[in-house]
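Biologist: I am new to this structure. Please put it up, and then I will ask my questions.

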Amino acid sequence: MNRIAIVTDSTADLTPQRAKELGVTVIPLAVNFGTKQYLDGVDLQSDEFYPMLAKADPLPTTSQPSPADFKNVYEKLLQDHDSVVSIHLSSGLSGTLQSAETAKDLVDGDVHLFDSKSISVGVGVYVEEAVELVRKQTPVQEIVSRLDAMRKNVHVLFTLDTLEYLHKGGRIGKVQAIMGALLNIKPIIQVVDGIYVPAGKARKTEQALKEMVNLFQSLTAGKTVKRMAVAHGVAKQAAEQMASMLREAFKTEVSLFTQVGPVIGVHTGPGTIGACIQVE
């Protein structure tokens, strides 16, 4: 049997327990508060990050792993695996995949890179699928092909409590941020081909959650739901409500319930609720 290792990065927002259950290697991105750098999920956890974010001025920045970080992980895994499948956040939002590509060229071994064109739990569902395929002893080329074919069947939506962080991070214009704040609008955003696309808006979080469920029902009409995941930025109660609404609507359990980690949290801020649905 070919032994295949699965690698991802910390923006998949897998809990430590879930990463251990899946047997995946997680490479951390970094969050920089001034001159102090923290590794996402290693020396800075979500519970510590959000209070720090609230006090931060200016906002922290984020940075991708170096090619050397990837090279070290790949070389270590290839000592007792035949192949590595490395699954990462959208290349449209980060240079992480570029670092992995540089490392791949420096490694003597079978490494396959996959651009999830997604973020957070959107990346996480690809990781879960890859692990399931490995456990079924699926050949590595077929795993990559199956992940590629999954793209049209993975849908990610999230709602923000405030547009402040997307604005400060340069993701949207100042006018949009000000208007959103004045009108107390909760935007709903879809991740499409690895970038953020407006998908709706609501006045209150509860309305936003209902609208997200409606959008998911439209996106998945006629398909069977295989996997669901929910993430939040210090908004556990609303996220639990989201999970409950999804279970009720789709009669499927949530496989990953997690907190949005520091790297994604820099851009989305507290109060974010996100969800991903995979259909087949």
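Modeller: One term to begin: buried means under 20% relative accessible area, exposed over 50%, and partly exposed in between (1.4 Å probe, protein chains only). This is a predicted model, where local features need pLDDT of at least 70, side-chain atom pairs count only at pLDDT 80 or more, and totals for chains, interfaces and linings use all residues. Residues are numbered from 1 along each chain as its sequence is written, and side-chain values use heavy atoms, with hydrogens and water left out.

Biologist: Is valine 234 buried, exposed or partly exposed?

Modeller: Valine 234 sits in the loop between strand S11 (225-232) and H10. Helices (H or I, at least four residues) and strands (E, at least two) are DSSP runs, numbered from the N terminus. The relative accessibility of valine 234 is 43%, so this residue counts as partly exposed.

Biologist: What is the phi of aspartate 13 near?

Modeller: Aspartate 13 lies in the loop between strand S1 (4-9) and helix H1 (16-22). Most residues other than glycine have a negative phi. Aspartate 13 is not glycine, yet its phi is positive, near 55°.

Biologist: Which residue makes a polar contact of 2.6 Å with the side chain of glutamine 278?

Modeller: Glutamine 278 is in strand S13 (residues 273-279), and at 2% relative accessibility it counts as buried. A polar contact is a pair of N or O atoms within 3.5 Å; within protein, one must be able to donate a hydrogen and the other to accept it, and residues adjacent in sequence count only if both atoms are side-chain atoms. At 2.6 Å, the partner side chain is that of arginine 227.

Biologist: Within what arc do the buried residues of H9 fall?

Modeller: The buried residues of H9 are Ala208, Leu209, Met212, Val213 and Phe216. The arc is that of the directions from the helix axis to the C-beta atoms. Seen down the axis of H9, these buried residues line one face of the helix, because they fall within an arc of 140°.

Biologist: Which strands stand at the edges of the open sheet of three strands?

Modeller: The order in this sheet is S4-S3-S5, with antiparallel pairing. Two strands pair if DSSP finds at least two bridges between them. Each edge strand has a single partner strand, so one side of each is left without a neighbour in the sheet; the edge strands are S4 (36-39) and S5 (61-63).
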